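Hi,

Here is the structure I promised to pass on. Have a look at it first, and then read my notes below.

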Amino acid sequence: MKKQYIIPIFVPHLGCPNDCIFCNQKSISGQKKSVTKEEAKKTIDNYLASINKEDAEIEIAFFGGSFTAIEKEKQEELLKVAYEYVKEGKVESIRISTRPDCIDKETLKRLKQYKVKTIELGVQSANDYILKRANRGHSFEDVKKASKLIRWYGFKLGHQMMIGLPESTRIDEINTAKLLIKLKPKMVRIYPVLVVKNTKLEQEYEEGKYQPLSVVQAIEICKEIVRLFADKNIDIIRVGLQNTNEISDPQNKQSEVVAGPYHPAFRQLVESAMWYDAIVGKIKKLNVKVKEVEVTVNPIDANNVIGHKKENVLKLKDTYDVDLILKQDEKIKQGKSKIKVTKTYID
Ligand code: SF4
């Protein structure tokens with residue numbers, strides 16, 4: 001299987017007609033001004049120079065702002081740069097992310113012309129009250145219409161949703177995941193809300209009007225949402241914001257994060273917690289008092305079974321007095337496991 005690479009080009013706040021309560025795209029992308037075609041080309045060339053092209057599947061991704069809200073000429077200027085690389089066979093595909101209310105037939109035809117393959121929509125919530133509260137400036141109806149149109153035109157559809165928005169509850173977030181599944185995305189990103197500097201949310205946080213989720217709360221909700229998408233074979237391409245100088249521990253001087261469920265290995269925490277639940281669930285079904293259990297998984301899952309800083313091994317010992325022995329076997333499918341009780345308390 002080919003290794004996938006993404007060349008990210010950030011278009012911070014370019015064209016975005018909005019000012020969502022949680023967003024300061026300039027902080028998130030670590031870039032203060034709009035991107036020119038020369039800069040885009042330089043970024044692509046630099047990435048290409050560092051990628052081993054054999055066995056590589058390379059995609060150029062315009063992330064950050066709302067690509068299709070940018071003026072048409074600027075969209076075309078950037079798309080033309082990316083499309084040249086597709087035509088030359090140096091890059092396989094192009095991806096953009098945008099707002100659901102900035103999708104129409106004319107826009108999609110333009111994106112088709114430049115061989116854009118994937119369109120990711122910032123959905124955030126399926127609850128119109130929460131969207132309004134977050135100052136998103138669009139409704140869930142916009143998401144439904146845009147998603148259908150994107151699929152109808154033959155693009156790969158991606159959704160981004162958030163947990164922990166002001167006044168959003170676990171039920172709202174599970175409901176959002178269920179409603180998104182009905183719109184048949186190929187991929188999703190799940191972002192716990194972080195309080196970022198120079199946003200309206202920071203102001204609310206300082207005034208005590210907004211309380212972010214803790215890391216533990218965010219993990220608990222993400223576990224349920226990841227399971228819902230995974231059960232429908234929807235690719236979960238990200239859980240938690242990507243770690244950068246700006247999105248890092250709030251204690252770090254360069255960090256733009258003020259508060260919220262930040263963790264450098266957030267996804268691993270979620271996946272490890274899911275493995276822990278699965279192992280405990282299997283042990284509980286056994287009709288013996290287990291002392292030691294051997295869990296065999298695919299090597300890809302090994303770290304998540306053990307947990308971040310061996311958390312699962314320690315918790316299993318602490319809570320149930322069970323020793324976990326990890327075995328790896330490439331023949332076992334990713335996500336599956338074999339469990340064997342190797343010692344019981346009667347032995
Ligand atoms: S639509 Fe996107 S880029 Fe614009 S303010 Fe909201 S989150 Fe930021």
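What covers the buried residues of α7? The cover includes β4 (116-124), β5 (156-163), β6 (187-192) and α9 (215-231).

Two bits of housekeeping. Numbering starts from 1 along each chain as its sequence is written. The model is predicted, and local features need pLDDT of at least 70, side-chain atom pairs count only at pLDDT 80 or more, while totals for chains, interfaces and linings use all residues.

Helix α7 (residues 170-182) has 13 residues and reaches 19 Å from first C-alpha to last, close to the 18 Å expected at 1.5 Å a residue (1.5 Å times one less than its number of residues). Its buried residues are E173, T176, A177 and L180, where buried means 20 or more other C-beta atoms within 10 Å of a residue's own, and exposed means 12 or fewer, with C-beta atoms placed from the backbone. They sit on the same side of α7 because they cover an arc of only 95° around the axis, taken from the directions from the helix axis to the C-beta atoms. On the face turned away from that side are the exposed I171 and K182. Just after α7, K184 has a positive phi of about 55°.

Elsewhere, there's an open sheet of three strands, ordered β11-β10-β12 with mixed pairing (two strands pair if DSSP finds at least two bridges between them). Its edge strands are β11 (323-328) and β12 (337-344). Strand β10 (residues 290-297) pairs with β11 in the parallel sense over six bridges, and E292 has D323 in β11 as its bridge partner.

Cheers

Note on methods:
Helices (H or I, at least four residues) and strands (E, at least two) are DSSP runs, numbered from the N terminus. Two residues are in contact if their C-beta atoms, placed from the backbone, lie within 7 Å.
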